[in-house]
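Here is a short report on helix packing and the ligand site. Start by looking over the sequence and the model.

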Amino acid sequence: MWHEERLFINGELRDADGGATFDNINPATEEVIGVSADASQQDFDDAIAAARSAFDLGDWSTDVSLRVRCLEQLHDALQNHVEELSALTVAEVGATQMACSSIQVVEPLKIIPFYIDVAQNYEWHADLGISETLGGECQRWVEKEPVGVLAAITPWNVPNQINLAKIIPALAAGCSVVLKPAPDTPWTGLALGKLIAEHTDFPPGVINIVTASDPAAGSILTTDDRVDMISFTGSTETGKKVMEAASGNITKVFLELGGKSALIVLDDVEDFSMVAATAAFGMATVCGQGCALSTRLLLPHSRYEEAVEAIVNMMGAVPPGDPSDAGTMMGPLISARQRDRVERYVQSAIDEGAKVVCGGKRPKGFDRGFFYEPTLITDVDNSMTVAQEEIFGPVLVAIPFDDDDDAIRIANDSIYGLSGAVFSGDDQRAISVAKRVRTGTMSINGGVWYGADVPFGGYKQSGIGREMGVAGFEEHLETKAFSKPT
Ligand code: NAD
């Protein structure tokens with residue numbers, strides 16, 4: 001299979017210092033598909049040093065046309081390798097082919113032309129005019145500059161999307177980057193190094209990609225004073241550690257963390273087919289391993305049974321299967337560790353008095369692979385563990401509410417604030433409910449908010465900052481004010 005297993009540091013594909021490697025496991029078959037370089041502390045140190053020199057000594061931070069040329073070359077290279085990258089993503093992530101033709105591979109490539117355009121048209125310089133302040137007449141202006149060296153740390157669930165959403169706006173802004181992908185998905189990260197090395201003019205050190213078997217190996221990136229900004233996507237628990245580590249140097253942090261988003265169904269919904277499809281396909285598409293998925297289903301008491309029945313029927317139509325089969329809509333979880341976690345949460349729901357009405361077990365007919373059935377749990381109170389904690393698996397919990405105010409109260413009764421959805425027979429009523437939910441994105445009656453131009457991020461413990469959109473570009477800029485006498 002087309003792949004890259006070497007680190008990409010200072011413009012070179014190279015083995016880890018000492019030659020260590022670790023296994024890459026296909027979650028659908030549990031087979032070892034190959035190995036990846038297992039970086040040492042020296043490799044991380046080399047990567048940070050290379051990024052620092054590229055930023056401080058090269059043209060990257062100041063030459064927009066160089067950045068545009070390199071990003072265009074990378075985009076072309078990715079477009080020319082969509083099939084290879086998709087096959088790799090099926091094997092490494094357990095992503096279905098359908099997901100690869102959208103969120104797992106094809107859609108994320110659109111991030112690149114979007115940021116090329118932003119970099120070319122951005123107002124890097126703003127004139128503030130002349131002012132007589134403190135007795136002197138001065139001409140003032142503001143310039144935007146790249147933040148510097150970015151450490152990007154990413155998870156395994158939608159690695160192409162998250163790797164590109166992290167590195168592309170940073171590179172377009174003029175930063176240099178060290179990317180550290182998750183240990184479960186090293187090849188999707190290293191593939192970028194291969195394409196950059198073989199098909200682009202990126203100057204050495206502008207982008208470095210370092211993989212390691214120890215999940216916390218990247219912690220050096222969070223404490224090193226040569227790093228100017230840490231962009232982290234992962235669990236809230238790890239995000240807190242990153243923020244604490246960054247406080248040593250007051251390093252800027254950008255955090256995309258967990259979620260427990262609510263899908264609110266108002267009592268005037270005419271038919272439940274769209275609700276059921278959203279709920280069931282949400283659990284199927286990335287096997288429930290999506291931070292922004294709606295995993296709490298808020299239903300009016302008056303329509304509870306009707307909605308549950310529609311969703312159970314729809315979940316039955318998306319059974320897990322071999323992700324390399326073109327017709328499969330739901331693949332496996334990423335690892336045995338993740339499946340154990342899902343099983344523990346489902347058991348906790350039963351122990352706390354809830355009912356599993358669909359799924360809740362490993363599917364029959366698979367003797368290998370980390371598969372789990374799409375699961376609906378009813379009789380859930382929002383204080384239960386399964387309603388409060390992020391499961392990160394195909395488990396939806398159904399919570400009844402009294403009226404719109406009660407639904408909003410329950411939706412907001414969470415440490416998270418990432419996303420959500422409202423369904424209603426009346427768009428305006430849905431929008432007024434959505435405005436009162438404290439999250440970074442909301443879907444109205446099935447609206448799709450995802451897109452390169454749409455800022456994405458969380459309130460509360462779901463994160464700090466916005467990725468994607470112009471806001472995601474500006475996260476990587478510093479603002480410098482100038483003044484001179486007239
Ligand atoms: P994780 O927090 O375990 O790991 C994320 C990354 O951090 C990995 O690369 C890991 O190796 C690294 N890491 C682990 N410990 C570290 C440390 N001490 N210092 C520095 N880096 C460290 O998360 P995960 O299991 O890979 O991914 C699942 C989580 O990611 C879920 O909570 C999910 O909600 C979240 N997520 C959030 C978004 C978002 O945009 N908000 C997107 C996808 C996933």
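## Helices α2 and α6

Helices α2 and α6 cross in a left-handed sense. The model is a predicted one. Helix α2 covers residues 64-79 and helix α6 covers residues 159-173. Their axes lie 9 Å apart, at an angle of about 155°. Angles over 145 degrees count as roughly antiparallel, so α2 is roughly antiparallel to α6.

Which residues of α2 and α6 make the contact? From α2 come Arg67, Leu71, Leu74 and Leu78. From α6 come Leu164, Ile168, Leu171, Ala172 and Ala173. By class, this contact of α2 with α6 has eight nonpolar residues, one charged and no polar.

## Helices α10 and α11

Helix α10 spans residues 273-285, and helix α11 spans residues 304-316. Their axes come within 8 Å and cross at roughly 45°. The two helices are therefore oblique to each other. The crossing of α10 and α11 is right-handed.

On the α10 side, the contact uses Ser273, Ala276, Ala277, Ala279, Ala280, Phe281 and Met283. They meet Ala310, Ile311, Met314 and Met315 of α11. Ten of the residues in this contact are nonpolar, one is polar and none is charged.

## The ligand site

How many residues surround the ligand? There are 26, and the closest are Thr154, Pro215, Ser235, Leu257 and Glu390.

Thr154 places a polar backbone atom 2.7 Å from an oxygen atom of the ligand. Trp156 has a polar side-chain atom 3.0 Å from a ligand oxygen atom. For Gly234, a backbone N or O atom is 3.3 Å from an oxygen atom of the ligand.

Terms used:
Residues are numbered from 1 along each chain as its sequence is written. This is a predicted model: local features need pLDDT of at least 70, side-chain atom pairs count only at pLDDT 80 or more; totals for chains, interfaces and linings use all residues. Side-chain values use heavy atoms; hydrogens and water are left out. Axes are lines fitted to C-alpha atoms, for helices over the stretch in contact, and angles run from 0 to 180 degrees between N-to-C directions. Helices (H or I, at least four residues) and strands (E, at least two) are DSSP runs, numbered from the N terminus. Angles under 35 degrees count as roughly parallel, over 145 as roughly antiparallel, 65 to 115 as roughly perpendicular and the rest as oblique. A crossing is left-handed if the near helix is turned anticlockwise from the far one by less than a right angle, and right-handed if clockwise. Contact means heavy atoms within 4.5 Å. Ala, Val, Leu, Ile, Met, Phe, Trp, Tyr, Cys and Pro count as nonpolar, Asp, Glu, Lys and Arg as charged, and the others, Gly among them, as polar. A residue is near a molecule or strand if one of its heavy atoms lies within 4 Å of it. A polar contact is a pair of N or O atoms within 3.5 Å; within protein, one must be able to donate a hydrogen and the other to accept it, and residues adjacent in sequence count only if both atoms are side-chain atoms.
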